[in-house]
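Work through the exercises below with the coordinates open. Each task is followed by a stepwise solution.

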Amino acid sequence: MAEDEMVEIVPNLRMDSLNFICGDYGPFYPQLAAQVPIWLALALKKRGKCTIRLPQWMSIENLTQVLEAERDSHAFQPLPFHYVEISRLLFDLAREDIPDMYMVRSLIEDIRDVRFHKVETNLEKFTASTVTWKNMSAMEVNVIRAFAGRALQAFYKHDNEQQTPDTDRTLDKQPQIPTDRPKRNLKPR
């Protein structure tokens with residue numbers, strides 16, 4: 001899903017429109033920027049047909065501001081939902097198009113670490129009434145998905161225990177009706 005995010009490319013040749021099930025992209029002209037999904041940008045990049053422009057949110061200035069705000073605030077700062085996956089794709093497949101790649105990578109890793117620390121501290125304070133976390137990315141959602149689901153089920157079960165009896169417990173407590181019938185032997189003869 002991260003590869004469906006749009007990114008700007010600069011083609012280095014002329015090319016007619018590309019028609020796909022998900023949409024049409026192009027026509028492409030040399031040195032005229034165009035918006036395409038990351039998957040298409042990476043495919044064109046591998047064939048040497050374009051360069052990829054760094055998304056605005058990946059600029060050093062923006063990442064520095066986001067990192068400072070993440071450290072100073074309890075809230076998550078707005079970033080693309082798949083920022084970790086997008087940055088990893090671009091680092092792996094378009095590294096020559098990223099100026100100061102090591103600085104950008106370092107800032108993104110620092111942001112990710114600060115956000116994971118926030119997730120951990122928020123999970124320690126987790127209550128049923130505080131389930132609103134804005135601007136979480138896919139990575140943070142996946143970290144808390146299993147825990148949050150079990151915790152919410154426990155809260156729901158605890159709240160409803162007083163209102164309705166637990167069916168598992170009531171089934172175990174049903175009286176056994178004694179029978180005078182002899183038990184049958186089920187062994188084959």
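Two strands count as paired if DSSP finds at least two bridges between them. The model used here is predicted.

**Exercise 1.** Determine how many bridges join strand 1 to strand 5, and which residue stands opposite V10.

Solution.
- Step 1. Strand 1 and strand 5 are joined by three bridges and run antiparallel.
- Step 2. With a cut-off of at least two bridges, strands count as paired, and the three bridges here meet that condition.
- Step 3. The residue opposite V10 is T51, in strand 5.

**Exercise 2.** Give the strand order of the open sheet and identify its edge strands.

Solution.
- Step 1. The three strands are ordered 4-1-5, and their pairing is antiparallel.
- Step 2. Strand 4 (34-37) and strand 5 (50-52) pair on one side only, so these are the edge strands.
- Step 3. From one strand to the next, the twist averages 45°.
- Step 4. Helix 1 (residues 38-46) lies across strands 1, 4 and 5, at about 105° to strand 4.

**Exercise 3.** Classify P11 as buried or exposed, and list its contacts beyond four places in sequence.

Solution.
- Step 1. P11 belongs to strand 1 (residues 6-11).
- Step 2. Its relative accessible area is 1%; the cut-off for buried is under 20%, so P11 is buried.
- Step 3. Beyond four places in sequence, P11 contacts F28, Y29, P30, Q31, L32, K49 and C50.
- Step 4. For P30, 19 residues from P11 along the chain, the C-alpha separation from P11 is 5.1 Å.

Key: Residues numbered from 1 in each chain as written. Predicted model: local features only at pLDDT ≥ 70, side-chain atom pairs only at ≥ 80, totals over all residues. Heavy atoms only, no water. Helix = DSSP H or I, 4+ residues; strand = E, 2+ residues; numbered from the N terminus. Buried < 20%, exposed > 50% of the residue type's maximum accessible area, 1.4 Å probe, protein only. Contact = heavy atoms within 4.5 Å. Axes fitted to C-alpha atoms, helices over the stretch in contact; angles between N-to-C directions.
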